[in-house]
Amino acid sequence: MEKHTTKTAAIASAGIRIASLIFLRWVALPPLIPIIYTLFAIYVPTFISSYLTEPKYTLVDQIDVVLKENVLNKDEVSGGSTDEAVAVEEVDVEETAAVVQKGAKPLSTLLKGTPSPNSLLLTIITFLINAACVAMVTDMVYTPLWFHPSHDLSFVRVGYVSDTEAKLLIREPDQSKMPITVQIHIKDAKPPFDNPLWQTVGGVSRTTNETDYTAVVSFPLSHSKQRVYEWTTSNNHSGEFTAAPKPGTMPELFDRKFTFVSTSCIVPRLPYNPLDHPLAFPGMKHLAKVLPNLGAQFMLFLGDFIYIDVPKRFGESVENYRQKYRQVYASPDWPAVGQNLSWIHVLDDHEISNDWDSNSTGIYQTAVDPWHHYQTQANPPEAKKAGSSGLLPRKGATYFSFAQGPASFFMLDTRTYRSKNAELFDSPNKTMLGETQLGDFLDWLHRPEPKGVKWKIVASSIPFTKNWRVNTRDTWGGFLSERRKILEAMWDAGNLGVGVVILSGDRHEFGATAFPPPKDSKWPESVTVHEFSASPLNQFYSPIGTYKQTDDEDVELKYINTGNSKFGVITIEKHAEGEQSSLNYTVYVNGVDKWNTLILSPTPVHPARAGGSLWDRLRGV
């Protein structure tokens, strides 16, 4: 019986340790939580039973064998009457039974997790190892929920900043702090051209639970030149931001380079470290070390800002979703990356539910409630309606567009309007964007840009390439007909002298892909579209590669799968003295520059039409 319980304890111990290692250090898979707890429930009684029933002593049966030789005619031999001795061998067998104490086996006890009957110290240590595994899993899963719900969180972050306005998102549940006023002034002002005085630019009269005590303050930036502004609020928050360069012009600051950052996917405390704060994001620490040297204009965050289902889904109420957002903003690592940098966001599945493809049904409305309060209302303007010459916004849209400096941006919503993933990959009716968003997006791609805008940047939460071979149906690789329409529109944009770059995330890996036009087509090779997919900022990664080129449509440039933290830095500047522009992309893995490449905007094949509408001429098109 004792052998059976010892073996069961050893198997349960191995399962606890392996599952805990995977959960804490690699990927926090929710199904592992009940497995670990079940194994521990099996382990404890079998461990105790094994310790109590396994004997401390063992019976040692010792046998001594003595071989004796007797000479029968030794008198004759000694008397000399014979020279030949007659010998007989006798065997004496002596058996001794003894009860002895079993010896301790430290290495075996500690590795197997089974008790040592004669060493209480080793027994306690090996049990505590498994108990510690379970305790650390419990700590990672439940400590944020129990001890850091962040109901009293007060914070201010920088939202969208253009050349003419800026947005601050404010959360303040303490109504005794109301009203809140916002003041700004130009940092390092140079009179008489800069006003160094603090100016009140807006405020919040009150906040309510309806918006989880959030509000946005939008205010104008009146200075005609690009400046760095400091801001402060009456509820004791402060920071700074940089005004954007006007569309079509290069920045006056940062050596006239236009730089921004892109990534996605964050889960706190992974890989797990018991010494970390429960809301720590190691990837944010990597980002914080790099940011001071970048002169970045903003962070383009490509979805999965929260994981409602990782490490465990605690419910489907609005409060469950709101709490996840509060915990990110309550992280001690957030101020270093968000206090002085504009963050703008697109939506992805884990803000709703894994691989979401059910449009705005089911849990969707509950899930996007906090997304609108914490992200959308501080985002860039809604995208423009197709056919409105880029003037009329699409009211209520969950996708956005804007232009700054040398680039125009379109931030896609790849979740709200998509068809079911299970439909055929090449179905002509299958849509990722929905009819309205697709029309607005294609209109943006075909729309001529103001002089000096050399790039169209597309923000997609999921990869555009079909080279990712795991769960391809959730990416653009599962929506091939619509993807083809978009690619052709992108190549058309290249013919107008504007390079198209897609930025994506979701895969927890890095992949750089080129989409050249078909050979002998109406498009030259110079209009090749490029995609840079970088994630996560802080999540697991696959140790086994999942990206593979299989044709000449999606051409691999670089692939990196390892690393819990990845983000891309995009820098655009004028190329020498010509009309072209250069875009440099650098990927950082765990805070280290791992790869970079430089691409040039294409030269126009078909010049933008002259004249145009009055509105086009006023916009500089």
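The views below come from a predicted model.

**View 1. Lys522 and Asp492 meet in a salt bridge.** The N to O distance is 4.0 Å. Lys522 sits in the loop between β17 (510-515) and β18, while Asp492 belongs to helix α11. The pair therefore ties together parts that are 30 residues apart in sequence. Lys522 counts as exposed, at 60% relative accessibility.

**View 2. Glu553 and Arg483 form a salt bridge.** Their closest N and O atoms are 4.0 Å apart. Glu553 lies in the loop between β18 (529-534) and β19 (555-560). Arg483 lies in helix α11 (residues 480-495), so the pair ties together parts that are 70 residues apart in sequence. Glu553 is partly exposed, with a relative accessible area of 42%. Arg483 counts as buried, at 4% relative accessibility.

**View 3. Arg394 and Asp440 join side chains in a salt bridge.** Here the N to O distance is 2.9 Å. This pair links distant parts of the chain, 46 residues apart. Arg394 is in the loop between α9 (364-374) and β13 (400-404). Asp440 is in helix α10 (residues 434-446). Arg394 is partly exposed, with a relative accessible area of 22%. Asp440 counts as buried, at 1% relative accessibility.

**View 4. A network of salt bridges links Asp348, Asp349, Arg415, Arg418 and Asp474.** Two arginines, Arg415 and Arg418, take part. Asp348, Asp349 and Asp474 supply the carboxyl side. A search of the whole structure finds 24 salt bridges.

**View 5. Lys324 is buried yet has no salt bridge.** Lys324 is found in helix α7 (residues 318-329). The nearest side chain of opposite charge is Asp309, 7.3 Å away. A polar atom of the Lys324 side chain does lie 3.2 Å from the backbone oxygen of Tyr307. Leaving aside neighbours within four places in sequence, Lys324 is in contact with Ile306, Tyr307, Ile308, Val310 and Pro311.

**View 6. An open sheet is formed by 6 strands.** Their order is β12-β11-β10-β20-β21-β22, and the pairing is mixed. The edge strands are β12 (342-345) and β22 (592-600), each pairing on one side only. From one strand to the next, the twist averages 20°.

**View 7. Strands β10 and β20 run antiparallel within the sheet.** Strand β10 covers residues 258-263, and strand β20 covers residues 566-574. The two are joined by 5 bridges. Thr259 stands opposite Thr571 in β20. Strands of a sheet pair through backbone hydrogen bonds, either parallel or antiparallel.

**View 8. Helix α6 packs on the sheet.** This helix spans residues 282-290. Helix α6 touches β10, β11 (298-301), β12, β20 and β21 (581-589). The direction of helix α6 makes about 25° with that of β20.

Note on methods:
Residues numbered from 1 in each chain as written. Predicted model: local features only at pLDDT ≥ 70, side-chain atom pairs only at ≥ 80, totals over all residues. Heavy atoms only, no water. Pairing = 2+ DSSP bridges. Helix = DSSP H or I, 4+ residues; strand = E, 2+ residues; numbered from the N terminus. Axes fitted to C-alpha atoms, helices over the stretch in contact; angles between N-to-C directions. Contact = heavy atoms within 4.5 Å. Buried < 20%, exposed > 50% of the residue type's maximum accessible area, 1.4 Å probe, protein only. Lys, Arg positive; Asp, Glu negative; His and termini not counted. Polar contact = N/O pair within 3.5 Å; in protein donor to acceptor, adjacent residues only side chain to side chain.
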